[in-house]
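Hello,

Here is the structure we talked about. Please open it alongside this message; my notes follow below.

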Amino acid sequence: MAFDLTINGQSISLDVDPQMPLLWALRDVVGLTGTKFGCGKALCGACNVNVDGQVVRSCMFPVSAAAGKNVTTIESLSEQGDHPVQVAWRKLNVPQCGYCQSGQIISAAALLERNPNPSDADIDNAMSGNICRCGTYTRIRAAIHRAAEDRS
Amino acid sequence: MSRIEQLSRREFLQRTGKAGGGLVLALTLTSACQPGREDAADASVVAPNVYVNVRDDGVVEIYCHRSEMGQGIRTCLPQIIADEMEANWDRIKLIQALGDEKYGDQNTDGSTSIRQQFDLLRTAGASAREMLIAAAAATWGVPAADCVAREHAIHHAASGKSAGFGDLVSAAADMDVPEDVSFKSPDEYRYIGKSMDIIDGFAMTTGQANYGIDTVLPDMLYASIERCPAVGGTVKSLDDTATKSIAGVTAVLQLPDATSPPLFNPLGGVAVLAENTWAAQQGREALDIEWDYGANAEYDSASYREKLMQTSRDAGRSVLNRGDVEVAFGDAATIHEAEYFAPHLSQAPMEPPAAAARMTDDGGCEVWACTQDPQSAQQTVAGVLGIDKSKVKVNVTLLGGAFGRKSKPDFIAEAAWLAKEAGHPVKVTWTREDDIRHGYLHSVSAQCIKAGLDADGNTTAWRHCTAFPSIGSTFDATATGPSAGELGLGFVDNPYAIPNMRLEAGDATAHLRIGWLRSVCNVYHAFANCSFVDELAYLAGADPKDYLLRLLGPPRHVDPTAEGAEYGNYGQGLDTHPIDTGRIAAVVEEVADMAGWGRELPPGHGLGIAVHRSFLTTVGTVAEVSVSDAGKLVVHELWTAIDAGTVINPDRVKAQMEGAGIFGMSLALHGEITAKGGAVVEGNYDSYPVVRMNEAPAAINVHIMDVDAPPGGVGEPGVPPVAPAIVNAYFAATGNRVRELPLRNAGLA
Ligand code: FES
Ligand code: FES
């Protein structure tokens, strides 16, 4: 069965098992590997993408539920990789292994959309679904504050 | 531990000079750095060494032969080479090296890359520099001694002549490899000691960074493997009818049984191959397998724990003896005894093990993998396929975390074996449950320490017994106890100035695959040592920091081998990397200062301190904690001081200390792998939690000690002091002592 959806601005028709999680459709079928697999159980946020303005965990989000919707992945968060969150991440050298950072950045960008000037507590609330095994949390907090400043 | 290899400068030149006499002339311009691209080396050519090419367009290509897993080696390694070479940072291009013994030791574990290869990398840069100088001198007909390298060019001051590196390439090709090179003095450093931005920052923030799991090959099948819940178990019966009816599934293959000992070989099991990961996972769920659990079917971590505790209470085999502890116990005014327990742990890197493989036309195999050790991947794949390791090409991708898990190439061998059997390229992706249930786990441990104090509160006797199943069991089925190498990780290298000391090891049999985890046995040895010192301080009525300094004693160099212990000092000399109690004490003073030790704390708060030397580096940590209304431990802030000798990139060292703080908190608060009926119980981040943002301290403050000494390790030594600092802080806050990890079991997390 085919599903029509928009991924990073491009209309695409996916002929896959309706239950296939969006994560695997993106990675294995569309060929966008920036969105990562970390747990497969909606526990870590490595697979976070934006669907119609909402952050979803693509590992538990069936592709059928994305039909007719707009999906934005890390690859198109900005055209030049210069979204304020990405810039702040680089200024503070946030990434260690980098593997969780696609999901972290998607979550942080969405946080700043709804709350342009988040407190530490706001950040803790919004970002606790994203695990970083390398432990970059204190830098992520600082980088979100930095991105908030740069945006204003 | 890792194989240790350290090249002298002469050996280095002999080895790398063998290939010929000139600079590598890379004739092809290539696009962005791809893991494994080594076509330049195929060009014509030869080397002053295998780490550097100078292209005639002036670009300096630097091969990173170590694996990037978050520690920053892809930034620090070129910092060293470019600095010695006087190459400009914006004119270098980093290439990830293939697995190849020509690079020497590539095993990225044991925090070795800088501490063991600083001289090697400086030599690589310096010899390239000297060849370019020789080329310029010959071209200009001036003495080489009058030429200098500066800013990507060679200059001759007297004549005012200059030539860029690229312009000297063809002349340099005729030059001999310099026999003897000198290093810059630290005041001449341009990159060493500077916080250069990470090289992969753009790729990592835009989704363009490639990890093992991201590999896509033409015509590739995706595999998911069901393995026996118990290590060494085998398939009794298999019904794959339901699996084969799932759309997208192309094959079901039964892997060869696990070996005993496990080595780095695959664990056996049944693989489902499909057109995508999802179909493979669905097909795997539909398998109907009956297992014979084999020899480890009875393993139960709860009853094992009791046995291990008993072993640590009984006298073990003595590995270090000083004075006479029994006599000293008899004379002591106070005796104190405590038992510590720490469970199995899983490394649980965010990227689970994943690798892709394809067979090549010449009967070889090419793999792409997130491996810490591409040469051991070559070896293991060769063994499983029955081919020569020279026919195995290993492309090293970025590693989405590793922490020791990815130094074992079992998952790479799985991909290779499946690619051969299936006649297709295959990518194997472990699920999180696979990672946590079928890994090489950090060992479970039990320790018993007894001390005697005199009437003034001085510790006069210390007997410490440690018992844990050895990593050796992974390589030798008959291994039953801690090896000398493991006992050198925070046990026999005990720095305390106590006149009577006996250190003992107790045997234990492994029932899971045991492997390295970030800082290895130092985790539990530091937990027990640093906790017990804190206990003794209170017993003596002393401040914990003051008492710690008292135990460290006068500044001196400790040599465990002088007291009968077998001690390898992480493969490096005690002369260059001493156990220097003066330096350890300085770290204690510094971190106590940073944390405002002794200051008035908010009600309910406590400070705890711990210091531990591992991987030739000393790290001191102070934690400030309190208990929330809900009864949970809150870590408000961490302070860390590190003496790692010479530091290449201070910001990466800080990042490693921050990460180690979180990693240490995870194992202190949450980490525990248990087993029932031979099978690991935990499976994902719900049952095996790690610290998240909401538990992260408000700040992790790091100070790097300014010490003029050879580099120590950085990736691992930040971890060991964290758990004891937290437990000591919890005691300071509440008067309750916890002697087993994780604190979750005491209801505190
Ligand atoms: S992979 Fe989706 S939340 Fe972890
Ligand atoms: S940077 Fe490695 S998991 Fe976050």
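A:Asn8 sits in the loop between β1 (2-7) and β2 (10-15) of chain A. Keep in mind throughout that this is a predicted model. The phi of A:Asn8 is near 50°, a positive value in a residue that is not glycine. Most residues other than glycine have a negative phi, and most peptide bonds are trans.

Chain B has cis peptide bonds to look at. One joins B:Ser260 and B:Pro261, with omega at about -5°. B:Pro261 belongs to the loop between β9 (249-255) and β10 (269-274) of chain B. Another cis bond runs from B:Leu741 to B:Pro742, with omega near -5°. B:Pro742 is in the segment after α19 (722-734) of chain B.

**Cavities**

How many cavities of 30 Å³ or more does a search of the whole structure find? The count is 12.

The largest cavity has a volume of about 540 Å³. Its lining has 37 residues. Closest to the centre of that cavity are B:Gln71, B:Ser111, B:Gln656, B:Val714 and B:Gly715. Three helices of chain B, α3 (73-85), α4 (113-140) and α18 (650-669), each supply at least two lining residues. By class, the lining of the largest cavity holds 16 nonpolar, 16 polar and five charged residues.

The second largest cavity has a volume of about 130 Å³. Which strand gives the most to its lining? That is β23 (residues 606-614) of chain B, with three residues. The residues that line this second cavity include B:Val611, B:His612 and B:Arg613. Also among them are B:Gly490, B:Asp493, B:Asn494, B:Pro495 and B:Tyr496. B:Asn529, B:Leu552, B:Ile579 and B:Ile584 line the second largest cavity as well. Its lining splits into six nonpolar, four polar and two charged residues.

**A helix pair in chain B**

Two packed helices are described by the angle between their axes and the distance between the axes. Take helix α15 (residues 522-539) and helix α16 (residues 544-552), both of chain B. Their axes come within 9 Å and cross at roughly 110°. Angles of 65 to 115 degrees count as roughly perpendicular, so α15(B) is roughly perpendicular to α16(B).

Which residues meet? From α15(B) come B:Val533, B:Asp534, B:Leu536, B:Ala537 and B:Tyr538. From α16(B) come B:Pro544, B:Tyr547, B:Leu548 and B:Leu551. By class, this contact has eight nonpolar residues, no polar residues and one charged residue.

**Aromatic pairs**

Over all chains, the count comes to 16 aromatic pairs. One of them is formed by B:Tyr51 and B:Tyr103. How are these two rings arranged? The pair is tilted, at 6.0 Å centre to centre, with 50° between the planes.

This pair links distant parts of the chain, 52 residues apart. B:Tyr51 is in the loop between α2 (39-42) and β1 (52-54) of chain B. B:Tyr103 is in the loop between β3 (92-96) and α4 of chain B. Helix α4 is also one of the helices that supply the lining of the largest cavity.

Best wishes

Note on methods. Residues numbered from 1 in each chain as written. Chains lettered and ligands numbered in written order. Predicted model: local features only at pLDDT ≥ 70, side-chain atom pairs only at ≥ 80, totals over all residues. Heavy atoms only, no water. Axes fitted to C-alpha atoms, helices over the stretch in contact; angles between N-to-C directions. Helix = DSSP H or I, 4+ residues; strand = E, 2+ residues; numbered from the N terminus. Parallel < 35°, antiparallel > 145°, perpendicular 65-115°, else oblique. Contact = heavy atoms within 4.5 Å. Nonpolar A, V, L, I, M, F, W, Y, C, P; charged D, E, K, R; others polar. 1 Å grid on protein atoms, 1.4 Å probe; cavity = no way out; pocket = protein on both sides within 12 Å on 5 of 7 lines; lining within 4 Å. Points joined across faces, edges and corners; volume = space filled by probe spheres on them. Phe/Tyr/Trp six-rings, centres within 6.5 Å; stacked < 30°, edge-to-face > 60°.
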